[in-house]
Amino acid sequence: MNTNTLPKINLRELTKEDAEDRYQWCLDVDVIRHLNMPNKYPPFTREETRQWIDMCISRSNGYEQMAIETGDGVHIGWIDLKNIDKLNKHGELGIAIGDKNYWGKGYGLAAMRAMLEYGFTRLGLNKIWLRVEVDNEKAIKSYRRMGFVEEGILREDRLRSDGYVDRLRLSILKSEFQA
Ligand SMILES: CC(C)(COP(=O)(O)OP(=O)(O)OC[C@H]1O[C@@H](n2cnc3c(N)ncnc32)[C@H](O)[C@@H]1OP(=O)(O)O)[C@@H](O)C(=O)NCCC(=O)NCCS
């Protein structure tokens, strides 16, 4: 993929003020449809959202979660690495562009590229993997474009309101990212 043409983004530390955007984004069923969230609506209360953001800021939940901003400072989503296995040097990626106005413009790819760079260089990981529901075509396309390849199918891995769905497990190696 030619990453030179991707839009400018900035990954920054979360702040307490990010909780309201996060809460509003999670009221949007299009945004949360494929996210690993409780099967209720809204998935989290304002207070739960604030508590979650606080845990991310204090790094007390095992997440390396960052806010995604456009080059001109608009807060548009979040991205994280979790389930970090220090022994085997891999971790799991998660991403959401919460503001739908910014979908399909390359912001997801730009944020992923920055997070992969962070994971491979700053955290010293060798592999970054993810799980994606088989019917989340938009995300799968984006991950493949980024260079993720399929490791296998996790059968009935996610329980949604419409029943169990399979998830694909995809990954990218440090050597592939740097090539
Ligand atoms: C999945 C998700 C993160 C993808 O992010 P995105 O910013 O919408 O997607 P991308 O960065 O891959 O954008 C690529 C699209 O932008 C277009 N694009 C426009 N300008 C571009 C540019 N300068 N560079 C690259 N692509 C560009 C591409 O052509 C492509 O369009 P296409 O999908 O019609 O082919 C986002 O849709 C999302 O947050 N979805 C909801 C949450 C979710 O499902 N998360 C994943 C859970 S596993």
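Me: How do H4 and H5 lie relative to each other?

Reply: Two packed helices are described by the angle between their axes and by the distance between those axes. In this predicted model, where local features need pLDDT of at least 70, side-chain atom pairs count only at pLDDT 80 or more, and totals for chains, interfaces and linings use all residues, the axes of helix H4 (residues 107-122) and helix H5 (residues 137-146) come within 10 Å and cross at roughly 50 degrees. H4 and H5 are therefore oblique to each other. Residues are numbered from 1 along each chain as its sequence is written. Helices (H or I, at least four residues) and strands (E, at least two) are DSSP runs numbered from the N terminus; axes are lines fitted to C-alpha atoms, for helices over the stretch in contact, with angles from 0 to 180 degrees between N-to-C directions. Angles under 35 degrees count as roughly parallel, over 145 as roughly antiparallel, 65 to 115 as roughly perpendicular, and the rest as oblique.

Me: Which residues of H4 and H5 meet?

Reply: Gly-108, Leu-109 and Met-112 of H4 meet Ser-142, Arg-145 and Met-146 of H5, a contact requiring C-beta atoms, placed from the backbone, within 7 Å. By class, this contact of H4 with H5 has three nonpolar, two polar and one charged residues (Ala, Val, Leu, Ile, Met, Phe, Trp, Tyr, Cys and Pro count as nonpolar, Asp, Glu, Lys and Arg as charged, the others, including Gly, as polar).

Me: At roughly how many degrees do the axes of H1 and H3 cross?

Reply: The axes of helix H1 (residues 18-25) and H3 cross at roughly 125 degrees and come within 9 Å, and that makes H1 oblique to H3. On the H1 side the contact is made by Asp-18, Ala-19, Arg-22 and Tyr-23, and on the H3 side by Arg-46, Thr-49, Arg-50 and Ile-53. By class, the contact of H1 with H3 has three nonpolar, one polar and four charged residues.

Me: Which residues come nearest to the ligand?

Reply: Of the 23 residues around the ligand, the nearest are Gly-106, Gly-108, Leu-109, Ala-139 and Ser-142, a residue being near if its C-beta atom, placed from the backbone, lies within 6 Å. Strand S4 (90-97), H4 and H5 each supply at least two residues of this shell, and H5 gives the most, with five residues. By class, the shell around the ligand has 12 nonpolar, seven polar and four charged residues.

Me: Where is Pro-42 placed, and what phi does Arg-59 have?

Reply: Pro-42 is placed in the loop between helix H2 (29-32) and helix H3 (46-57), and a cis peptide bond with omega of about -10 degrees joins Tyr-41 to Pro-42. Arg-59, although not a glycine, has a positive phi of about 55 degrees, and Arg-59 is found in the loop between H3 and strand S2 (64-70).

Note on methods. Contact = placed C-beta atoms within 7 Å.
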